[in-house]
Amino acid sequence: MSVAEALDYDLMDDARVFIAQKKKLLIGGQWVDAASGETIDVIDPATGKKFAEASAGGAEDIDRAVAAARAAFENPAWKNMAAYERANLMFKLADLMEANAQKFQELEVLDNGLPRMIAQMGMFPFCSNLIRYYAGWVTKIEGSTVPASPFGLDPAQETLTYTLKEPIGVVGAITPWNFPLGMLMLKLGPILATGCTVVLKPAELTPLTAVLLGELIQEAGFPDGVVNIVTGYGHDAGAALSHHDGIDKISFTGSTAVGKEIIKASTGNLKKVSLELGGKSPVVVFPDADLEQAIPGALRAAFFLQGQNCMAGTRLFVHEKIHDAFIAGLAEAMNYFVMGPGWDMNTTLGPLISATQKERVMGHIARGKDEGAELIK
């Protein structure tokens, strides 16, 4: 029995076939094995069992992908493509994504562990509409021309000063595992809209929807090399991408510690950097708050995607006048969460992404108790 057949889930046939296929790297319009031949085990967070494999790209694969992206950036087929044609490709991609919405959702549930109900309500049309939104900007990106009279020239000799917006070049995009497809879209949309090319490095824990996206990008008709996808580990493929002198910009979403390393890596060729890092967002509750709204709101802020999101309300400041009632209400409301595998439609709180993440969270709880915190159940 194959790994895919061993999955005890009622998957659609297309998803099961996709899972069983070997996941390769998309470089220059071709699906290729990693140079090392190594693979990454794809684990179902709900069971801890392997159910698929993805190629483990490394520095050599990043070199090939960057070269392909550079060639595509200089290729007239993309460089000189009319704005409306580029927009049409993006609209077609959005349509293809929606046609494959169920497959994306099922892969995301298996790969990430998020509740199936959230996948069905939150992934589409959100992800496809992100591409449509940026496609709408393609024909509206423009510079400005303003009259100027430098050095006190006579107004009759007035000159014009203009700005011209041009694509920055080859972008390296590194995405996290907490909302895999959505984070890919947030980066890919503006990259394509501005005429750049890209090397995408999805999180090694959640590579599947990125590979499926690559198939649809090819089906939509984007020129070879415009989008390259290298699955692999952060310390290997991600580090190579960050240091690469052929990259003009890095866009990274992830931990603060890795963000610091990316800034250091960018000094080699002074590549531009955009970072979206972790935070400790506070939720502040004043004494006149409506607790019937504030309590579930605080819970949603803290536990959406099992609390694994960069906007999570991880700190709670409650006025002393309502403190006890608020905490009691939180404890009671927690009982309404249904914990279980993401595939179960009754689940409202799925598994953490990995055993390592579970150990990290349990470590936080243990340290809190050691330092005098009280665990409310």
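Biologist: Why is Cys-310 called partly exposed?

Modeller: Cys-310 has a relative accessibility of 27%. Buried means under 20% and exposed means over 50%, so a value of 27% is called partly exposed. The model is a predicted one.

Biologist: What makes Cys-196 buried?

Modeller: The relative accessibility of Cys-196 is 4%. That is under the 20% cut-off, so Cys-196 counts as buried.

Biologist: How do you know whether Cys-310 is in a disulfide or in no disulfide?

Modeller: The nearest cysteine sulfur to that of Cys-310 belongs to Cys-127, and it is 14 Å away. A disulfide needs two cysteine sulfur atoms within 2.5 Å, so Cys-310 is in no disulfide. The count under this rule is 0 disulfides.

Biologist: How many helices and strands does the protein chain have?

Modeller: The protein chain has 14 helices and 13 strands. Of its 377 residues, 45% are buried. The C-alpha trace spans about 75 × 65 × 40 Å along its principal axes.

Biologist: What makes Asp-41 and Lys-50 a salt bridge?

Modeller: Their closest N and O atoms are 3.3 Å apart. The cut-off is 4 Å, so Asp-41 and Lys-50 form a salt bridge. Asp-41, at 42% relative accessibility, is partly exposed, and Lys-50, at 35%, is partly exposed too. Asp-41 and Lys-50 also belong to a network of salt bridges that includes Glu-53.

Biologist: Why do Glu-98 and Arg-132 count as a salt bridge?

Modeller: The closest N and O atoms of Glu-98 and Arg-132 are 2.8 Å apart, which is within 4 Å, so the pair is a salt bridge. This pair links distant parts of the chain: Glu-98 lies in helix α4 (residues 83–99) and Arg-132 in helix α7, 34 residues apart. Glu-98 has a relative accessible area of 33% and is partly exposed. Arg-132, at 22%, is partly exposed.

Biologist: Is Lys-201, which forms a salt bridge with Glu-204, buried or exposed?

Modeller: Lys-201 has a relative accessible area of 2%, which is under 20%, so Lys-201 is buried. Glu-204, at 25%, lies between 20% and 50% and so counts as partly exposed. The closest N and O atoms of Lys-201 and Glu-204 are 3.3 Å apart. Under the salt-bridge rule the count comes to 10.

Biologist: How many aromatic pairs are there?

Modeller: The count is 6 aromatic pairs. One of them joins Trp-78 and Phe-222, with 6.1 Å from centre to centre and 50° between the planes. Centres must lie within 6.5 Å, so the rings pair. Planes under 30 degrees apart count as stacked and those over 60 as edge-to-face, so a pair at 50° is tilted.

Biologist: Where are Trp-78 and Phe-222 in the chain?

Modeller: Trp-78 is in helix α3 (residues 76–79), and Phe-222 is in the loop between α9 (208–220) and β9 (227–229). They are 144 residues apart, and the pair links distant parts of the chain. Trp-78 and Phe-222 are both buried.

Biologist: What sits over the ring of Trp-343?

Modeller: The charged end of Arg-116 sits there, 4.1 Å from the ring centre. Likewise, the charged end of Lys-23 sits over the ring of Phe-18, at 5.0 Å from its centre.

Biologist: Which residues form a nonpolar patch on the surface?

Modeller: Tyr-133, Trp-137 and Ile-141 form it, with about 320 Å² of accessible area together. Tyr-133 lies in helix α7 (residues 126–137).

Biologist: What is the phi of Leu-305?

Modeller: Leu-305 has a positive phi of about 55° although it is not a glycine. Most residues other than glycine have a negative phi. Gln-306 also has a positive phi, near 60°. Leu-305 is in the loop between α12 (291–303) and β13 (315–318), and Gln-306 is in the loop between α12 and β13. Leu-305 is buried because its relative accessibility is 5%, and Gln-306 is buried because its value is 10%.

How values were computed. Residues are numbered from 1 along each chain as its sequence is written. This is a predicted model: local features need pLDDT of at least 70, side-chain atom pairs count only at pLDDT 80 or more; totals for chains, interfaces and linings use all residues. Side-chain values use heavy atoms; hydrogens and water are left out. Buried means under 20% relative accessible area, exposed over 50%, partly exposed in between (1.4 Å probe, protein chains only). Patches are made of residues with over 30% relative accessible area and no salt bridge: like charges are joined within 9 Å, nonpolar side chains (Val, Leu, Ile, Met, Phe, Trp, Tyr) within 5 Å. Accessible areas come from the Shrake-Rupley method with a 1.4 Å probe; for residues, only the protein chains shown count as cover. A salt bridge is a side-chain nitrogen of Lys or Arg within 4 Å of a carboxyl oxygen of Asp or Glu. Helices (H or I, at least four residues) and strands (E, at least two) are DSSP runs, numbered from the N terminus. A charge sits over a ring if NZ of Lys or CZ of Arg is within 6 Å of the ring centre and within 35 degrees of the ring normal.
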